[in-house]
Amino acid sequence: MPRYEYRCRTCGDTFELSRPMAESSAPAACPAGHDDTVKLLSTVAVAGSAPAPAPRASGGGGGGGGCSGGGCCG
């Protein structure tokens, strides 16, 4: 179940709630009982196990469309 972060406009407290996505925009009371809260935008960190791609060679030498001095550029 996703977790959503909220901030209370009355007391300034920030809190999280786990709730279904269908209820993500439903009002949420802060733990102190105040009703004036706002849902915060959260950033999502995505972690993977794939290695980072190798840097591409720049300049004219080697693979992929550059002229390598072999007389192909006229």
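This is a chat about the fold and a few residues of a predicted model.

Reader: Okay, what's in this chain, how many helices and strands?

Author: The predicted model has 0 helices and 3 strands. Going along the sequence, the pattern reads β-β-β.

Reader: And in what order do the strands sit in the sheet?

Author: The order is 2-1-3, in an open sheet with antiparallel pairing. Strand 2 and strand 3 are the edge strands, each pairing on one side only. On average, neighbouring strands of this sheet are turned by 35 degrees against each other, if you ignore direction.

Reader: How many bridges hold strand 1 to strand 2?

Author: There are 5 bridges between strand 1 and strand 2 (residues 14-18), and the two run antiparallel. They make a hairpin with 5 residues between them. In that turn, G12 has a positive phi of about 85 degrees.

Reader: Which residues face each other there?

Author: Y4 has L17 as its bridge partner in strand 2, and Y6 stands opposite F15.

Reader: Which face of strand 1 is covered, and which is uncovered?

Author: Strand 1 spans residues 3-8, and its covered face carries Y4, Y6 and C8. R3, E5 and R7 are on the uncovered face.

Reader: Back to Y6 and F15. What do their rings do?

Author: The rings of Y6 and F15 form a stacked aromatic pair, with 5.6 Å centre to centre and 20 degrees between the planes. A search of the whole structure turns up 1 aromatic pair, and that's Y6 with F15.

Reader: Why does Y6 count as buried?

Author: Because its relative accessible area is 2%, and the cut-off for buried is under 20%. F15 is also buried, at 8% relative accessibility.

Reader: Switching topic: where is T37 and what does its side chain reach?

Author: T37 is in strand 3. Its side chain reaches the backbone oxygen of A28 at 2.4 Å.

Reader: Is T37 buried or exposed?

Author: Buried, with a relative accessible area of 17%. Leaving out neighbours within four places in sequence, T37 is in contact with R7, C8, R9, F15, A28, A29 and C30. So C8 is on that contact list as well as being the bridge partner of T37, because contact here means heavy atoms within 4.5 Å.

Reader: What does S24 touch?

Author: Not counting residues up to four places away in sequence, S24 touches Y4, Y6, R19 and K39. Y4 and Y6 belong to the covered face of strand 1.

Reader: How far apart are the C-alpha atoms of L40 and Y6?

Author: They're separated by 5.3 Å, though L40 and Y6 are 34 residues apart along the chain.

Reader: Of the contacts at least 6 apart in sequence, what share joins residues at least 24 apart?

Author: That share is 28% for this chain.

Reader: Last bit, the whole chain. What fraction counts as buried?

Author: Of the 74 residues, 12% count as buried.

Methods:
Residues numbered from 1 in each chain as written. Predicted model: local features only at pLDDT ≥ 70, side-chain atom pairs only at ≥ 80, totals over all residues. Heavy atoms only, no water. Buried < 20%, exposed > 50% of the residue type's maximum accessible area, 1.4 Å probe, protein only. Helix = DSSP H or I, 4+ residues; strand = E, 2+ residues; numbered from the N terminus. Pairing = 2+ DSSP bridges. Polar contact = N/O pair within 3.5 Å; in protein donor to acceptor, adjacent residues only side chain to side chain. Axes fitted to C-alpha atoms, helices over the stretch in contact; angles between N-to-C directions. Phe/Tyr/Trp six-rings, centres within 6.5 Å; stacked < 30°, edge-to-face > 60°.
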